[in-house]
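Subject: Structure handover and notes

Hello,

Here is the structure I said I would pass on. My notes on it follow below.

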Amino acid sequence: TIDLSTNLSSNIFNLLPSNPTIYPLLADTMYGKAECHRYLGLFLTSKQLYLTSISIYLKCNDGNESLDTTRGSYGLAELLRLQGLFIDSLTLHESILSIRLSLVGSEDILLIESLIALSNCFYDIGHYKESKNMIDKAYSLYIN
């Protein structure tokens, strides 16, 4: 399991500007940089940037999960999958799905994204029946 609180350097919040209104923009920037680094194969830097963005998003939302934190976590989960850490990726994607369900209910497009990601994770670990179940659920949300 990935513990987001301990993987981030402890001084990040000391470096943040005193104006909290720019925190969401800063978090979005860190997320965007994490995505670029992931695509370039710079996984360690990407991981740190994802963790930084997630921490800032949490700070913006008084420590509570939000759709923004799930976006950062989704990127991190995909990074773990690229690194072959399939079980860690699966666990994180399951958590993301649960959070998204609690935030938006059962009929949001983000749930389709999460179900497809879970399908891919199950496929990666050879659980083909579960993979098909997830993709079937995603498809049923899509057509309804």
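In these notes, buried means under 20% relative accessible area, exposed over 50%, and partly exposed in between, with a 1.4 Å probe and protein chains only. This is a predicted model, in which local features need pLDDT of at least 70 and side-chain atom pairs count only at pLDDT 80 or more, while totals for chains, interfaces and linings use all residues. Residues are numbered from 1 along each chain as its sequence is written, and side-chain values use heavy atoms, with hydrogens and water left out. Helices (H or I, at least four residues) and strands (E, at least two) are DSSP runs, numbered from the N terminus.

Salt bridges

A salt bridge here is a side-chain nitrogen of Lys or Arg within 4 Å of a carboxyl oxygen of Asp or Glu. By this rule the count is 7.

One of them joins R38 to E35, with the closest N and O atoms 2.9 Å apart. Both residues lie in helix α2, 3 residues apart, which is about one turn of the helix. R38 counts as buried because its relative accessible area is 12%. E35 is also at 12% relative accessibility, and therefore buried.

Another connects R71 and D28, at 2.8 Å from N to O. This pair links distant parts of the chain, since R71 is in helix α4 and D28 in helix α2, 43 residues apart. R71 also forms a salt bridge with D68, where the closest N and O atoms are 3.9 Å apart. D68 and R71 are separated by about one helical turn, because they are 3 residues apart in helix α4.

D28 is partly exposed because its relative accessible area is 35%, and D68 is partly exposed with a relative accessible area of 35%.

Nonpolar cores

A nonpolar core is a set of buried Ala, Val, Leu, Ile, Met, Phe, Trp, Tyr and Cys residues joined through side-chain atoms within 4.5 Å. The largest one has 19 residues, of which Y50, I56, L76, L92 and I96 touch the most other members. The elements that give two or more residues to this core are α2 (23-39), α3, α4 and α5. The most come from α3, with 6 residues.

Contact means heavy atoms within 4.5 Å. Leaving out residues up to four places away in sequence, L92 touches S73, L76, A77 and L80. There is a second, separate core of 10 residues, which includes L90, L118, C121 and M134.

Helix α6

Helix α6 (residues 109-124) has 16 residues and reaches 23 Å from its first C-alpha to its last. That is close to the 22 Å expected at 1.5 Å a residue, the expected span being 1.5 Å times one less than the number of residues.

A polar contact is a pair of N or O atoms within 3.5 Å; within protein, one must be able to donate a hydrogen and the other to accept it, and residues adjacent in sequence count only if both atoms are side-chain atoms. D108 caps the N-terminal end of α6, with a side-chain oxygen 2.9 Å from the backbone nitrogen of L110. After the helix comes G126, whose phi is positive, near 85°.

The buried residues of α6 include L111, L115, L118 and F122. The buried residues of this helix pack against α4, α5 and α7 (128-143).

R100 is in helix α5 (residues 86-104). With 2% relative accessibility, R100 counts as buried. Its side chain makes a polar contact with the side chain of T70 (3.3 Å). Beyond four places in sequence, R100 touches residues including L67, R71, Y74, L111 and E113.

Where does E65 lie? E65 is in the loop between α3 (43-60) and α4 (67-82). At 34% relative accessibility, E65 counts as partly exposed. The side chain of E65 makes a polar contact with that of T69, at 2.5 Å. Not counting residues up to four places away in sequence, E65 touches L58, I99 and L103. E65 and I99 are 34 residues apart in sequence, and their C-alpha atoms are 7.3 Å apart in space.

Regards
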